[in-house]
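This briefing covers nonpolar cores, aromatic pairs and charges placed over rings. The sequence and the structure come first.

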Amino acid sequence: MDSPKHSLIPSFLYSSSSSPRSLLLDQVLNSNSNAAFASTNLEKSPSPSPAKTTTMVSRKNFLIASPTEPGKGIEMYSPAFYAACTVGGILSCGLTHMTVTPLDLVKCNMQIDPAKYKSISSGFGILMKEQGVKGFFRGWVPTLLGYSAQGACKFGFYEFFKKYYSDLAGPEFTAKYKTLIYLAGSASAEVIADIALCPFEAVKVRVQTQPGFARGMSDGFPKFVKSEGYGGLYKGLGPLWGRQIPYTMMKFASFETIVEMIYKYAIPNPKHECSKGLQLGVSFAGGYVAGVFCAIVSHPADNLVSFLNNAKGATVGDAVKKIGLLGLFTRGLPLRIVMIGTLTGAQWGLYDAFKVFVGLPTTGGVAPAPAIVAAEAKA
């Protein structure tokens, strides 16, 4: 792939040891330099000095290095690599969660007031009647900010901890128990990510489930703090960890496993021989299937988070008494499966698309040989 820098400098000024255009240019410059030198010396002296000829010809090497030559891309597991993964996480989580705000709004209200919001279709109808189209995106600002912060930590720290735990375990143990590496890395990352998400999630749920409480983040945040103090912002951290840590462990471990199985059993060619478009399609498919598992595993805690953030002074015991054990597992589950499946598929698709954009390989599957990675980076 050509570098954007090529648009600023004429292409014939780039040199590469394997470029036919550069070799041709070298020959032309050689002949021109020698011809000019010979013409000048024929007028002044019939016997030019060999030393002077060598000096004159050596001055032709003024070409600058091509930006597409090896060593110019992002090095794996370098600070630039982790920074790229962090930005990819911001884009994948922040944008996708904001996009499905209407679904999240209906889901939260079904969890808080099932007598009023009996189904998905009736939930949308009630919200449309009471709040109009504008009401479907109530709480989109805390959603965007909170899940952008969470995505940055989730994906950035996952890549860091996956490498860190792999180095601690050694190559033999890592190859044999790689799923444990995925589980440990994702759990460690999510502990940090939820600390970043929790205050925004508390305000979001209150704004979405209590009409009239606030218009959004700007007025909802100070109102929430005034009512429950700064500690109230982290009241739901325990249930949030209970929801998100199993969710993220399933999200990353199952994704890595599913993608590896797709490349192994469903696609005849090795991953490094597949087009980037096909690789991104595999990322989306693997992410969607992983998302279905994530929704089922984390749903009881999701009901707890919604209940605790909606009711002032409520406890986990209060939630279990009111919702019931069966309700914790089933209330709002079909909608959440659709939402989380689509969400997770889109997140992995966006994340890997950004990695491809900056010259990194997609996540999962059999890792190609270093020489293949270098060849793909130059393509």
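Are Trp-348 and Tyr-351 buried or exposed? Trp-348 is buried, and Tyr-351 is buried as well. The model is predicted. Trp-348 also belongs to the largest nonpolar core, where it is among the residues that touch the most other members.

**Nonpolar cores**

- The largest nonpolar core has 25 residues, and those touching the most other members are Phe-155, Tyr-263, Ile-267, Val-282 and Trp-348.
- Two or more residues of this core come from each of helices H3 (79-99), H6 (140-169), H8 (178-209), H10 (237-266), H11 (276-310) and H14 (333-357).
- The most is given by H10, which supplies seven residues to this core.
- Another core lies apart from the largest one and has nine residues, including Val-207, Phe-213, Ala-214 and Phe-224.
- Beyond its neighbours within four places in sequence, Tyr-263 is in contact with Asn-269, Lys-271, Cys-274, Gln-279, Val-282 and Gly-365.

**Helix H14**

- H14 contains 25 residues and spans 35 Å between its first and last C-alpha, close to the 36 Å expected at 1.5 Å a residue.

**Aromatic pairs and cluster**

- There are 19 aromatic pairs in the structure.
- One of them joins Phe-284 and Tyr-288: the ring centres are 6.3 Å apart and the planes are at 45°, so the pair counts as tilted.
- Phe-284 and Tyr-288 are separated by about one helical turn because they are four residues apart in helix H11.
- Phe-284 is partly exposed because its relative accessibility is 38%, and Tyr-288, at 32%, is partly exposed too.
- Trp-348 and Tyr-351 make an edge-to-face pair, with 5.9 Å from centre to centre and 75° between the planes.
- Because Trp-348 and Tyr-351 are three residues apart in helix H14, about one helical turn separates them.
- An α-helix has 3.6 residues a turn, so residues three or four places apart point the same way.
- One aromatic cluster is formed by Tyr-77, Phe-81, Tyr-82, Phe-157, Phe-160, Phe-161, Tyr-164 and Tyr-165.

**Charges over Phe-213**

- Which residues place a charge over the ring of Phe-213? Arg-206 lies over the face of Phe-213, 5.6 Å from the ring centre.
- Lys-223 has its charged end over the ring of Phe-213, at 5.5 Å from the centre.
- Phe-213 itself is a member of the core of nine residues.

Methods
Residues are numbered from 1 along each chain as its sequence is written. This is a predicted model: local features need pLDDT of at least 70, side-chain atom pairs count only at pLDDT 80 or more; totals for chains, interfaces and linings use all residues. Side-chain values use heavy atoms; hydrogens and water are left out. A nonpolar core is a set of buried Ala, Val, Leu, Ile, Met, Phe, Trp, Tyr and Cys residues joined through side-chain atoms within 4.5 Å. Buried means under 20% relative accessible area, exposed over 50%, partly exposed in between (1.4 Å probe, protein chains only). Contact means heavy atoms within 4.5 Å. The expected span of a helix is 1.5 Å times one less than its number of residues. Rings of Phe, Tyr and Trp (its six-membered ring) pair if their centres lie within 6.5 Å; planes under 30 degrees apart count as stacked, over 60 as edge-to-face and the rest as tilted. A charge sits over a ring if NZ of Lys or CZ of Arg is within 6 Å of the ring centre and within 35 degrees of the ring normal.
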